[in-house]
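Please open your viewer and keep the selection tool handy. We will start with the whole chain and then pick out a few spots.

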Amino acid sequence: MSVELELSMSRAFKLDHGEFMTMITNAALPEDVLVALDRLGNSLRLGGVPPQRLVDEVVAALNTIPVLRIISEIYNIQRNLGFYDWENHNSEYEKRERALHLLVCMPALAQVFTFHSNGYVREAALRALTDVPYSSFMLAILAVRLNDWVAPVRQAAV
């Protein structure tokens, strides 16, 4: 993000540059969001399809995160969901195939899997979104995916 954009955004919210940078880089995810992410991450690590109520809880929790924190929180969300360490699947291919299978079995995971560390999964998640996300946070995720480093993910976000 450019300094000019940061400053214009900070003025819009009546924050100086230092306050703005502190807000988006130093604040931890709220406890209820961390708990929901950890519960879903544990369920995904155990295998099988997670309960619908758990996926709904995570989507609702993600929707409470302020838009200005999206960039600083993507890695934390991925880490808390366990997208980097699914223990029962050793290869990246196995992790990807398992995530794609889960997405087919439970399309509600699409919003969550837009955070996945694997580009094939992010692309499939974007294509599986059937409704326009209703929260500003999820709309911001679509904007981030328009700038994804994987070209098919960028195309799927359109």
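**The whole chain**

Among contacts (heavy atoms within 4.5 Å) between residues at least 6 apart in sequence, 60% join residues at least 24 apart. This is a predicted model, where local features need pLDDT of at least 70, side-chain atom pairs count only at pLDDT 80 or more, and totals for chains, interfaces and linings use all residues. Residues are numbered from 1 along each chain as its sequence is written, and side-chain values use heavy atoms, with hydrogens and water left out.

Switch to a cartoon view and you will find 10 helices and 0 strands. Helices here are DSSP runs of H or I with at least four residues, strands are runs of E with at least two, and both are numbered from the N terminus. Of the 158 residues, 45% are buried; that means under 20% relative accessible area, with exposed being over 50% and partly exposed in between (1.4 Å probe, protein chains only). Now show the surface: its accessible area is about 8500 Å², and carbon and sulfur atoms account for 57% of it. Areas come from the Shrake-Rupley method with a 1.4 Å probe, and for residues only the protein chains shown count as cover.

**Stop one: α3 and α4**

Select residues 31-46 (α3) and 52-62 (α4), whose axes come within 9 Å and cross at roughly 145°. Axes are lines fitted to C-alpha atoms, for helices over the stretch in contact, and angles run from 0 to 180 degrees between N-to-C directions. Show side chains next: V33, A36, L37, R39, L40 and S43 of α3 meet R53, L54, V55, E57, V58, A61 and L62 of α4.

**Stop two: N80**

Move to N80, in helix α5 (residues 70-81). Is N80 buried or exposed? N80 is buried, because its relative accessible area is 11%. Its touching partners, leaving aside residues up to four places away in sequence, are L29, L34, L37, D38 and G41. The N80 side chain also reaches the backbone oxygen of N76 at 2.8 Å.

**Stop three: α8**

Finally, select residues 119-128, helix α8, and colour G119, V121, R122, E123, A125 and L126, which are buried. What covers them? At the start of α8, zoom in on N118: one of its side-chain oxygens reaches to within 2.8 Å of the backbone nitrogen of Y120.

Note on methods: Polar contact = N/O pair within 3.5 Å; in protein donor to acceptor, adjacent residues only side chain to side chain.
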